Amino acid sequence: RSNNVTILTSSSQTLQLHSKSKIYIKPSKELTTDAIINLYNRKDGIITFSDNQLKIRSEDNHKVNFSISGIGPGETEIVMNTTSNEIINISKSFIKVHVVHSLALVTINVVIGWIYFAAWTISFYPQVYENWKRKSVIGLNFDFLALNITGFIAYSIFNIGLFWVPGIQMEYLKLHPYGIIPVRGNDVFFAIHATAITALTIFQCFIYERGDQKISWTATILVAGSWLFAIISLIVAIAGKLSWLTYLYFLSYVKLGITLIKYIPQAYMNYRRKSTVGWSIGNVLLDFTGGTFSLLQMFLLAYNSDDWGSIFGDPTKFGLGLFSVCFDIIFMIQHYVLYKGNKTRGYEALVHP
């Protein structure tokens with residue numbers, strides 16, 4: 001077994017601004033000669049070392065430690081090298097350090113994350129329940145469903161690939177050697193669950209009353225174009241002309257594009273019918289709750305790490321979250337203000353055009 005440096009403390013450290021943390025390391029095997037370990041900080045202005053050079057004596061071979069102090073909010077990595085020929089691959093050993101304004105905010109952000117995860121997960125069920133209670137899907141736009149299932153299938157494949165396929169994970173870490181896989185178990189669960197519940201909702205469209213509703217040509221072209229793009233990209237990836245990681249990114253672009261447009265058909269349908277009957281307001285309220293808490297978390301994370309570029313430097317995630325919340329507001333105005341009480345009229349308008 002090759003010798004390397006073992007990080008005895010967690011390889012991911014979070015500490016509050018102006019506080020200290022002690023880190024312990026030791027060689028994975030005994031040394032025959034003394035070894036010098038040099039420490040480097042990949043980003044200035046975030047932490048300082050108590051000592052940037054450590055000596056491991058061969059006669060005791062015990063663990064050694066050093067302290068870090070947080071001097072500025074942000075993220076950095078501690079990397080190492082050595083003059084010892086007995087320790088190899090030390091460049092692969094690194095410690096991620098996250099300095100924050102407040103550790104309490106870290107806990108609050110974790111709680112907020114679970115709140116919006118729960119809200120978004122539960123948000124699919126009010127629509128399923130309303131369809132079952134009414135034994136009708138009149139008022140639920142089929143274009144929205146077709147776009148939604150396409151987006152969630154693409155999102156599921158993206159998450160599964162990065163979470164479970166070692167080859168794709170290796171591709172990612174090769175591009176981001178000091179990064180971490182950006183997909184967690186709850187991301188995979190949410191995507192698969194969303195796909196399954198959306199498929200159940202589509203199944204309800206076949207067994208319950210639906211009037212003259214059908215998927216529009218516009219949505220058919222958009223969905224067919226998305227699948228054609230995904231299939232052609234898959235063939236290119238199988239042929240070895242496209243990396244699997246890039247293929248997954250292509251699928252993520254499909255999901256992003258669909259998220260931008262998927263609510264438009266439902267909002268327009270409500271406007272045309274002058275009614276929101278058939279479109280569950282519970283779904284909207286839970287989605288609004290999830291989206292609002294998600295945006296709140298983004299701002300709190302940006303403040304805590306003094307990293308406003310995470311919001312304004314990468315507007316895609318922020319813009320999509322804000323876009324969804326804005327549509328939820330439109331749906332609430334339609335339901336509670338514009339078309340309040342327009343129930344029978346909206347139902348008859350589709351059954352008897």
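**View 1. Strand 3 has side chains that alternate between two faces.** In this predicted model, strand 3 spans residues 20–27. S21, I23, I25 and P27 point to one face and are buried, where buried means under 20% relative accessible area, exposed over 50%, and partly exposed in between, with a 1.4 Å probe and protein chains only. Strands (E, at least two residues) and helices (H or I, at least four) are DSSP runs numbered from the N terminus.

**View 2. Strand 3 pairs with strand 1 and with strand 7.** Two strands pair if DSSP finds at least two bridges between them. Strand 1 (residues 5–7) runs antiparallel to strand 3, joined by 3 bridges; here I7 has I25 as its bridge partner. Strand 7 (residues 64–70) is also antiparallel to strand 3, over 6 bridges, and V64 is the partner of I25.

**View 3. The largest nonpolar core has 24 residues.** A nonpolar core is a set of buried Ala, Val, Leu, Ile, Met, Phe, Trp, Tyr and Cys residues joined through side-chain atoms within 4.5 Å. I25, I37, I78 and M80 have the most contacts inside this core. At least two of its residues come from each of several strands, including strand 4 (35–41) and strand 8 (74–82). Contact means heavy atoms within 4.5 Å. Beyond its neighbours within four places in sequence, I78 touches residues that include I23, L39, F66 and V97. A second, separate core of 20 residues includes A146, L147, I181 and I258.

**View 4. A nonpolar patch lies on the surface.** L285, I329, I333, Y336, V337 and L338 form the patch, with about 530 Å² of accessible area together. Areas come from the Shrake-Rupley method with a 1.4 Å probe, and only the protein chains shown count as cover for residues. Helix 11 (residues 315–338) gives the most, with 5 residues. I333 is in helix 11 and is partly exposed, at 40% relative accessibility.

**Notes.** Residues are numbered from 1 along each chain as its sequence is written, and side-chain values use heavy atoms, without hydrogens and water. In this predicted model, local features need pLDDT of at least 70 and side-chain atom pairs count only at pLDDT 80 or more, while totals for chains, interfaces and linings use all residues.

Definitions and conventions:
Patches are made of residues with over 30% relative accessible area and no salt bridge: like charges are joined within 9 Å, nonpolar side chains (Val, Leu, Ile, Met, Phe, Trp, Tyr) within 5 Å. A salt bridge is a side-chain nitrogen of Lys or Arg within 4 Å of a carboxyl oxygen of Asp or Glu.
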